[in-house]
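Student: I have a structure to go through with you. Could we begin with the contacts inside it?
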Amino acid sequence: MSAPLFRAVTMARRLDTGIMERQNTIWRILLLAIPLAVFSIFIVWPLLNSFYYSFTNWNGFNAEYDFVGLKNFSKVLTTRLFTNAAINTLIWMVAAIVLPSLAGLGLALLLDSKIRGANVFKSIFYLPICLSAIVVGQIWVWIFQPDWGLLNMAISAISGEPFTYAWLAKPGSAIYAVIVAWSWQQTGLSMVIFLAGLTGIPQDLTEVAEIEGATRWQRTWHVVLPLLRPATVVVIALSVINSLKGFDILYIMTGGGPFNSSDTLAMYMYNESFKKYRMGYGSAISVILFLITLTIIFIYFRQLKKVDEIYD
Amino acid sequence: MSEVTLKDIRKSFDGLEIIKGVNLEIETGEFVVFVGPSGCGKSTLLRLISGLEDIGSGSITIAGRDVTRVPPSQRGVSMVFQSYALFPHMSVAQNMSFGLRLAKVPKKEIERKVAEAAEVLQITHLLDRKPKQLSGGQRQRVAIGRSIIRNPNVFLFDEPLSNLDAALRVQMRVEISRLHQEIKTTMIYVTHDQVEAMTLADKIVVLNEGRIEQVGTPMELYRRPANRFVAEFIGTPKMNLFDTELVVPQGGSALVSFGSALIPVDDRVAHLQPGASLSLGLRPENLELGSAADPTTAEARIELVEKLGGESMLHAHFPGSKDLFVVNVAGEAAVRPGETVHIKPDPDACYLFDGNGRAIGQS
Ligand SMILES: Nc1ncnc2c1ncn2[C@@H]1O[C@H](COP(=O)(O)OP(=O)(O)O)[C@@H](O)[C@H]1O
Ligand SMILES: [Mg+2]
């Protein structure tokens with residue numbers, strides 16, 4: 001290539017990359033701006049609104065309202081219903097983290113050993129995740145139905161006597177029944193994550209352990225479980241987040257009842273705001289829930305960093 | 001006494017036979033190397049000995065005990081993997097003592113044994129580190145440490161040096177050799193690298209497609225390969241093989257053709273008919289450049305010259321043939337690609353193989 005031609009070509013190229021560079025920047029800003037706008041409109045704005053209304057006695061639709069200072073908060077924090085909802089939230093969260101995680105881990109360990117038809121079982125156990133919480137809730141409402149529900153019919157068949165316990169209508173069992181339904185759905189998700197974690201464990205490690213004299217159980221305990229730490233972190237993070245979001249299934253199955261026995265903070269907030277038209281009061285509950293969530297997530301991510309430091 | 005005895009071992013995966021009847025005796029204290037091309041079944045054979053793989057048929061004896069159906073942990077073997085297989089969440093000391101801790105050996109004794117093994121392997125200063133903080137060579141030392149600490153009857157190594165860079169590989173090879181001289185325990189070592197096999201082994205087992213091709217000391221295999229496969233596999237650069245046939249002139253002694261030349265061969269071919277097709281094997285170091293006037297030289301054309309400093313590799317072919325062979329000459333060869341030269345073989349260093357690839361007699 002002749003010298004002037006060469007120079008022209010490289011110059012054109014440089015111009016080109018300059019334009020591309022600028023176009024790229026525009027694209028980047030655009031692509032970030034859209035989600036940022038959506039996030040602001042649907043998350044940040046309502047959040048700020050909640051903070052604002054939590055200091056008022058707004059009923060949710062009237063134009064006028066008064067500022068009441070911290071009155072909503074003092075009322076919320078002293079009612080028995082709030083304590084009840086807080087305890088239920090705790091039960092709900094702990095159960096929603098522990099049960100699906102343990103069940104998912106168990107299934108993953110079972111299905112990872114080369115048993116026949118493992119793939120079919122994996123698909124079956126994962127299936128509930130593909131259903132919406134509303135559908136899952138409705139399925140379990142039917143299962144728990146006192147007269148013709150699957151559960152009671154099974155118990156009747158086994159015991160030989162008619163059994164008509166109303167699982168969802170008794171304060172003693174309602175929240176636990178919902179937890180069962182929730183766990184049934186979430187187990188598949190934990191299982192899949194643990195299975196992925198298991199495929200990441202080199203076979204050499206379990207084989208060395210075997211030669212070194214570790215029994216199957218010892219190999220699981222001393223080698224497999226410690227190496228599943230990263231997967232466990234992910235499972236627990238998702239469980240926490242999902243359990244805090246777990247409102248729809250409660251809404252479908254019990255609506256917080258009977259007698260507030262399955263009320264969680266989210267459910268309580270919903271009922272106060274939208275059923276009793278106490279938007280200010282409900283906002284105060286949501287602010288408290290927000291702060292609790294923030295604290296949990298903050299603590300959790302600090303732990304996460306520690307785990308990261310051990311495993312690359 | 002033999003430490004390990006393999007009797008007619010067979011193993012199939014998914015109906016495909018991978019180990020096709022292996023018989024082998026390994027003496028106590030011997031350093032045995034299984035060598036062969038990738039996929040020939042070396043690892044499988046080692047895993048059968050360790051018990052990680054269930055045997056198809058045949059039997060395995062270790063230290064006089066039939067262990068064919070005995071689980072790996074009770075066979076008195078330990079294994080070092082190519083990947084090192086260290087537990088990432090345990091320190092070096094914990095990795096090394098894993099088996100002893102499972103066996104509930106008293107803490108004092110574990111500490112003493114870890115310290116001892118660490119001393120031998122010069123990793124005492126690393127005992128508190130995690131595998132992540134170690135180099136490849138250090139990791140492999142820890143893996144070896146984990147093996148010696150259990151004081152097994154037999155050490156098994158599966159390509160332990162393949163993940164290391166070339167310089168470190170040579171160094172670790174020397175150290176493994178020294179370790180063997182020091183502890184004198186039976187070792188079975190798998191590698192696809194014949195140089196490793198030659199330098200480490202008391203006894204080499206050449207495997208090919210699930211069968212043993214030959215067993216012998218490194219020099220036996222080098223000097224008297226039982227067949228074409230072993231002849232080509234052992235020795236670097238590879239032995240050159242030429243398709244040729246037996247020529248017996250009226251009243252003269254037997255000859256084979258080497259390009260345009262004829263090389264006399266001794267009476268090891270006495271039982272063959274003139275015209276029988278043979279393979280002639282000549283190692284690159286047994287070929288040299290000669291003069292055109294010498295009737296025992298063959299004309300050849302140089303394709304490529306590799307100068308390695310102390311020696312040169314000439315890649316050449318006979319006129320009318322495309323098959324390249326290698327000539328190893330000392331120093332910097334004064335020939336260039338495209339040049340015609342005359343190659344002189346050493347008639348006393350010829351290997352002959354029959355139509356089935358079996359060696360004929362031995363030189
Ligand atoms: N677990 C297994 N399942 C199926 N095929 C296997 C298994 N292990 C090894 N093989 C096959 O056996 C052959 C020999 O493998 P291997 O013993 O690892 O060879 P090498 O160690 O000599 O490279 C390969 O063809 C490999 O694909
Ligand atoms: Mg291998």
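Tutor: Leaving aside neighbours within four places in sequence, L45(B) is in contact (heavy atoms within 4.5 Å) with L6(B), I9(B), I19(B), V22(B), F34(B) and L207(B). This is a predicted model, in which local features need pLDDT of at least 70, side-chain atom pairs count only at pLDDT 80 or more, and totals for chains, interfaces and linings use all residues. Residues are numbered from 1 along each chain as its sequence is written, chains are lettered from A and ligands numbered from 1 in the order in which they are written, and side-chain values use heavy atoms, without hydrogens and water.

Student: Which residues touch the most other members of the largest nonpolar core?
Tutor: They are L6(B), I9(B), F34(B), L45(B) and I188(B), in a core of 57 residues. A nonpolar core is a set of buried (under 20% relative accessible area, 1.4 Å probe, protein chains only) Ala, Val, Leu, Ile, Met, Phe, Trp, Tyr and Cys residues joined through side-chain atoms within 4.5 Å.

Student: Which helix gives the most to this core?
Tutor: Helix α7 (residues 174-199) of chain A does, with 6 residues. Helices here are DSSP runs of H or I, at least four residues, and strands are runs of E, at least two, numbered from the N terminus.

Student: Changing topic, where is V70(B) found?
Tutor: V70(B) is in the loop between β5 (65-66) and β6 (77-80) of chain B.

Student: Why does V70(B) count as buried?
Tutor: Because its relative accessibility is 16%. Beyond neighbours within four places in sequence, V70(B) is in contact with R65(B) and R75(B).

Definitions and conventions:
Buried means under 20% relative accessible area, exposed over 50%, partly exposed in between (1.4 Å probe, protein chains only).
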